[in-house]
Amino acid sequence: MIRVHVDHLTPGMVLARPIPVPSHPGRFLLQRGQRVPLNLVPRLKRWGIYEVWVQYPQLEFLEEVFDAELDEQQRELYHRVRCNFQRSMEHTGAALDWQEFERAVSSLNEALQRNRFSAMLQKLQAYDSYLMAHSTNVCYLSMLLGMHLEEYLIQQRRLKDPREARDLRQLGLGMLLHDLGKVRLDPRILNKPGRLTPEEMDYVRRHPELGYEMVRGHISPAAAVVVLHHHQRWDGRGYPRRVDSATGEPMPPLRQRQIPVFARIATVVDVFDAATTHRCYSAAKPPIRVLHEMQTWCQGMFDPVIEKVFYRIIPPFPIGKVVELSNGAQAVVVDFNAEEPYRPKVQLIRTEKGQPISSPALNEMDLAIYQDVFIRRVDGQEVTPYYPEAFWETTPRPEYVLS
Ligand SMILES: [Fe+2]
Ligand SMILES: [Fe+2]
């Protein structure tokens, strides 16, 4: 199976995974094995579904990469969060079911712990877009990142005993609720296409404090500070701004280690997920592009220790993605190489001349070995400018990138 953008569906393509109705995770719009009618595409987009998995001969093994149990957990989590948020939006002031969130995050944590040595990050990124709901996504991503930062967490949370210091449930819970304050904002401003005015920007920037007011006292302080400080930047930029409660005078912003370590993790994950997800005012960007932008535009924004680990574990090319190689052939990404993340394993599905290849398994290419070939396009977007400079030391750089 391969994952394709809904705009790239062609008649006759057969689903490899069902398409669930976003509001009812147990119900399906189309089942596995059904053809996708192209007139359904506008509706899928309205529902926020931009990618679907379709069958492709001999690529069925990719299904095994994605753990069914984890799928179920995330769908469940998504459903609970959605229902809970909706209830609170419909009846302003309606109580959220905090214990429900705690339970959901705990069961998610267990599933993650059991699978911790498998390729979970790939699963995460491979998620169908309808589940790419920001809060569940960053909840996952932050806990996965946290797992790679255990030593650092123990060191940074010195006052806690080591077992408690690396307990990621509070981080996950905080992330799940980090943007909760947005339900108190006017959706017309929140979902406005195009640029916000400075006044509107200030208005939207109230959401961490609004969210903090909502969660305080209901969840642990370690989780609540994630809600309050997830827009705080390592170099002191960011918000909310601090004021002295006695005098009302502005205070220096929180910076570096003054920011709780869970909130430092939140910042990295939040920026990445927001950019890789389709939103009303911007299209989804391929991970390679977002990683590049984070490393160039966001300098000084993130805790360097966390940032370094993050870049090491995020695949620039998600598994299952159809890509175009620099020699013109089409291929599917089938494996992630942590040592050389920009050179994954691929299997060819179309030749350089566009002829279909019937046995991709026999046409596997490890781009870590074939260093003169690289991935040039993802979803039709040219990604050559987003490779790190070091990549071109061993791969011939095409002329169009030099100019
Ligand atoms: Fe936020
Ligand atoms: Fe966010």
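**Iron site, cavities and local backbone features**

Met-201 sits in helix H11, which spans residues 198-204; helices (H or I, at least four residues) and strands (E, at least two) are DSSP runs numbered from the N terminus. The model is predicted, so local features are reported only at pLDDT of at least 70 and side-chain atom pairs only at pLDDT 80 or more, while totals for chains, interfaces and linings use all residues. Residues are numbered from 1 along each chain as its sequence is written, chains are lettered from A and ligands numbered from 1 in the order in which they are written, and side-chain values rest on heavy atoms, with hydrogens and water left out.

With a relative accessible area of 35%, Met-201 is partly exposed; on this scale buried means under 20%, exposed over 50%, and partly exposed in between, for a 1.4 Å probe and protein chains only. Ile-189 is 12 residues from Met-201 along the chain, and their C-alpha atoms are separated by 9.1 Å. Helix H9 (residues 169-176) gives a mostly covered picture, with six of its eight residues buried. These buried residues are Leu-171, Gly-172, Leu-173, Gly-174, Met-175 and Leu-176.

What coordinates the iron ion (ligand 1)? The donors are Asp-179, through OD, and His-207, His-230 and His-231, each through NE2, at 2.1 to 2.3 Å. Donors here are N, O and S atoms within 2.8 Å of the metal (3.2 Å for Na, K and Ca), and water is not among the atoms, so sites may look incomplete. In sequence, the donor residues of ligand 1 follow the spacing D-x27-H-x22-H-H. His-230 and His-231 are both buried. Angles among the four donor atoms of ligand 1 run from 86 to 176°, and the site is irregular. For orientation, ideal angles at a metal are 109.5 degrees for four tetrahedral donors.

Grid points are joined across faces, edges and corners, and a volume is the space filled by probe spheres set on the points. One cavity of 30 Å³ or more is counted, and the largest cavity holds about 30 Å³. Gln-232, Arg-233, Trp-234, Ile-259, Arg-264, Thr-267, Met-301, Phe-302 and Asp-303 line this largest cavity. Its lining divides into four nonpolar, two polar and three charged residues, where Ala, Val, Leu, Ile, Met, Phe, Trp, Tyr, Cys and Pro count as nonpolar, Asp, Glu, Lys and Arg as charged, and the others, Gly among them, as polar.

The second largest pocket has a volume of about 450 Å³. Its lining comprises 21 residues, and those closest to the pocket centre are Ile-2, Val-4, Val-322, Gln-330 and Ile-349. Strands E1 (2-5), E7 (322-325) and E9 (345-350) are the elements that each give two or more residues to this lining, with the largest share, four residues, coming from E1. By class, the lining of the second largest pocket holds 10 nonpolar, six polar and five charged residues. The pocket lies between domain 1 (2-55) and domain 3 (322-402), because both give residues to its lining; the domain bounds come from an automatic or database domain assignment.

Several backbone features deserve a look. Most residues other than glycine have a negative phi, and most peptide bonds are trans. Tyr-239 and Pro-240 are joined by a cis peptide bond, with omega at about 5°. Pro-240 belongs to the loop between helix H13 (221-229) and strand E5 (242-243). Gly-238 is found in the loop between H13 and E5, and is partly exposed at 28% relative accessible area. The C-alpha atoms of Gly-238 and Pro-253 are 8.2 Å apart, with 15 residues separating the pair along the chain.

Gln-256 is not a glycine, yet has a positive phi of about 45°. Its place is the loop between strand E6 (250-251) and helix H14 (261-276), where Gln-256 is partly exposed at 33%. Asp-379, likewise not a glycine, has a positive phi of about 50°; this residue lies in the loop between strands E11 (375-378) and E12 (381-382) and is partly exposed at 26%. Is Tyr-386 buried or exposed? Tyr-386, in the loop between E12 and helix H17 (399-402), counts as buried at 16% relative accessibility. Its C-alpha atom is 6.4 Å from that of Ile-288, although 98 residues separate the two along the chain.

Methods:
Four donors count as tetrahedral if all angles lie between 85 and 135 degrees; four count as square planar and six as octahedral if opposite donors are over 155 degrees apart and all others between 65 and 115; anything else is irregular. On a 1 Å grid over the protein atoms alone, a cavity is a set of points where a 1.4 Å probe fits but cannot get out, and a pocket is an open set with protein on both sides within 12 Å along at least five of seven lines; lining residues have an atom within 4 Å of a point.
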